[in-house]
2 protein chains.
Amino acid sequence: MKDNRPAPPVERPDLTLPCVILDRPQMAENIGSVARVMANFGLRELRIVNPRDGWPQERAWAMSSGAHWPLDNATIYETVAEAIADLNMVYATTARPRETHLPIRTPRQCADDSYDNAQKGLKTGLLFGAERAGLETFDIALCQSIVTIPVDPAFQSLNLSQAVNIVLYEWRLKIMDAPKAAFTQNFDKPAELDKLHGLYEHLERELDAAGFFFPPEKKESMQRNLRVALNRAHLTEQEVRTWRGVVTALVKGRGRALLKKDGN
Amino acid sequence: MKDNRPAPPVERPDLTLPCVILDRPQMAENIGSVARVMANFGLRELRIVNPRDGWPQERAWAMSSGAHWPLDNATIYETVAEAIADLNMVYATTARPRETHLPIRTPRQCADDSYDNAQKGLKTGLLFGAERAGLETFDIALCQSIVTIPVDPAFQSLNLSQAVNIVLYEWRLKIMDAPKAAFTQNFDKPAELDKLHGLYEHLERELDAAGFFFPPEKKESMQRNLRVALNRAHLTEQEVRTWRGVVTALVKGRGRALLKKDGN
């Protein structure tokens with residue numbers, strides 16, 4: 001998909017980017033989906049512990065939709081301990097915090113923490129367990145924090161790549177400083193109000209001529225209601241011109257058509 | 001995959017839950033993934049416009065991991081306009097905000113808005129386009145706002161169910177966090193969208209008769225611009241009636257006046 005807006009300045013060479021670690025993933029398709037999500041949110045380093053069906057697997061590349069680089073450079077490990085050996089902080093995403101007595105973070109808090117780490121040059125790992133089994137308690141105990149995604153308790157079975165998606169989305173928001181970045185590009189300056197009033201008067205004049213304001217004592221409130229509804233649209237100057245054209249066209253164009261029909 | 005847990009309990013009966021609308025989804029697998037994500041985040045109502053491979057499709061159920069209820073109750077439509085006819089507000093998720101001049105929201109802002117709507121008893125639709133093509137500009141122009149997910153400009157191709165995942169995750173966070181806010185006063189319910197579409201069609205028919213859409217190849221974009229400007233006004237049902245009256249008055253009233261002046 002193409003987007004013509006200027007790229008937000010998110011390449012931050014001052015940041016040490018987190019890596020994504022998948023523990024014993026079963027489906028190559030999920031690994032490919034994770035790679036795609038990593039590309040969507042600007043992460044590159046993928047580590048895989050004991051993929052069930054070996055590595056590499058073609059279906060992962062097929063599912064990545066062109067996000068090949070996390071797969072091409074993925075590194076494979078025998079154990080979680082080995083996969084995280086060089087990292088400074090690891091966050092284990094699990095729906096079942098269990099009895100590990102680790103701090104529990106939301107994905108948003110995890111992004112805050114990861115960002116702080118990244119600024120300090122610390123290397124963060126985002127660890128996700130196998131599709132069905134999740135993470136072993138033993139491996140969770142190797143981590144610094146637990147991340148839990150706030151799913152509906154009635155249906156907690158979140159797909160592996162969807163879990164990665166949410167954790168990485170929060171990371172992305174954090175580094176974009178999303179509140180500031182809230183997309184203002186589509187903002188169009190509303191017309192100066194005298195332009196708007198010109199439209200109102202034009203419309204009201206024509207409606208008056210057409211006998212629209214009836215009974216006469218209601219004219220003022222009817223006018224007010226029309227104005228209020230259009231006020232809420234925040235019309236631009238161009239749109240004001242367009243709507244004046246609409247009024248003119250409805251009045252003149254159709255008038256002419258009627259005249260023709262009636263024998264001119 | 002089978003899931004034997006009971007369907008999720010209805011929480012927050014005071015909220016009118018948003019529905020998810022998929023426009024021309026290509027892959028049944030993605031529809032199934034969307035159902036699963038809906039279950040994860042507590043939404044139930046799925047609407048599908050023209051699924052490429054027909055409906056129902058077994059692969060959707062297979063991919064839902066037991067989240068059958070959105071699929072079992074999914075409703076199928078021919079057009080986006082039909083699918084959103086009874087809704088009050090629709091948010092179109094697209095990576096390409098283009099030139100529609102609709103307000104652009106982040107997923108978080110969309111959740112805020114949807115929550116406000118839900119508290120007022122307004123029915124919100126969350127609209128997502130086809131996997132590759134996305135949404136047609138014509139259909140976006142039927143909506144009140146655009147939602148854009150802040151992906152890396154270097155790799156924007158977000159999987160359909162991942163896009164739904166993020167928008168619904170923000171919804172979930174919102175309803176978990178939100179204090180039970182006081183009911184908003186002085187609130188006017190926007191018309192159901194089919195009423196609004198009736199007004200658009202009425203206006204466009206008359207403008208067509210008046211020769212307003214010139215040159216003809218610009219007709220579609222001219223129509224779209226008119227619709228988008230009015231979309232932003234959130235007209236109530238009463239206002240829609242009033243504006244239909246305006247169109248009729250401009251066309252007929254003045255036509256008659258002209259006829260009189262010209263010698264009847």
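Visitor: Is Arg227(A) buried, partly exposed or exposed, and what is the relative accessible area?

Guide: This is a predicted model. A residue counts as buried under 20% relative accessible area and as exposed over 50%, with partly exposed in between. Arg227(A) has a relative accessible area of 26%, so this residue is partly exposed.

Visitor: Which side chain meets that of Arg227(A) in a salt bridge?

Guide: Side chains of opposite charge can pair when their charged atoms come close. Here the partner of Arg227(A) is Glu204(A), at 2.7 Å from N to O. The pair links distant parts of the chain, 23 residues apart: Arg227(A) belongs to helix 10 (residues 219-231) of chain A, and Glu204(A) to helix 9 (residues 193-209) of chain A. Glu204(A), at 7% relative accessibility, counts as buried.

Visitor: Where do Glu220(B) and Arg224(B) lie?

Guide: Both are in helix 9 (residues 219-231) of chain B, four residues apart, which is about one turn of the helix. Glu220(B) is partly exposed at 49% relative accessibility, whereas Arg224(B) is buried, with a relative accessible area of 17%.

Visitor: Which residues do salt bridges that share partners join into one network?

Guide: The network consists of Glu29(A), Arg52(A), Asp53(A) and Arg59(A). Within chain A, the side chains of Asp53(A) and Arg52(A) meet in a salt bridge at 3.1 Å, N to O. Asp53(A) is partly exposed, at 38% relative accessibility.

Visitor: How many salt bridges does a search of the whole structure find?

Guide: The search finds 38 salt bridges over all chains.

Visitor: How many aromatic pairs does the structure hold?

Guide: A pair of aromatic rings is described by the distance of the centres and the angle of the planes. Over all chains, the structure holds 10 aromatic pairs. One of them joins Phe155(A) and Trp69(B), with ring centres 5.7 Å apart. Planes over 60 degrees apart count as edge-to-face. The planes of this pair stand at 90 degrees, so the pair is edge-to-face.

Visitor: Where do Phe155(A) and Trp69(B) lie?

Guide: The pair crosses between chains. Phe155(A) is in the loop between strand 7 (145-147) and helix 7 (160-176) of chain A, and Trp69(B) is in helix 3 (residues 69-72) of chain B. Phe155(A) is buried, at a relative accessible area of 1%. Trp69(B) also counts as buried, at 15% relative accessibility.

Visitor: What is the arrangement of the aromatic pair formed by Phe212(B) and Phe213(B)?

Guide: That pair is edge-to-face, with 5.4 Å centre to centre and 80 degrees between the planes. Phe212(B) and Phe213(B) are both buried.

Visitor: Which residues form one aromatic cluster?

Guide: The cluster is made of Phe41(A) and Tyr169(A) together with Phe41(B) and Tyr169(B).

Visitor: What does the secondary structure of chain A come to?

Guide: Chain A has 11 helices and seven strands. Of the 264 residues in chain A, 51% are buried. The accessible surface of chain A comes to about 12,600 Å², and 52% of that surface belongs to carbon and sulfur atoms.

Visitor: Among contacts in chain A between residues at least 6 apart in sequence, what percentage join residues at least 24 apart?

Guide: Among those contacts, 83% join residues at least 24 apart in sequence.

Terms used. Residues numbered from 1 in each chain as written. Chains lettered and ligands numbered in written order. Predicted model: local features only at pLDDT ≥ 70, side-chain atom pairs only at ≥ 80, totals over all residues. Heavy atoms only, no water. Phe/Tyr/Trp six-rings, centres within 6.5 Å; stacked < 30°, edge-to-face > 60°. Helix = DSSP H or I, 4+ residues; strand = E, 2+ residues; numbered from the N terminus. Buried < 20%, exposed > 50% of the residue type's maximum accessible area, 1.4 Å probe, protein only. Salt bridge = Lys/Arg side-chain N within 4 Å of Asp/Glu carboxyl O. Contact = heavy atoms within 4.5 Å. Areas by Shrake-Rupley, 256 points an atom, 1.4 Å probe, with all protein chains shown as cover.
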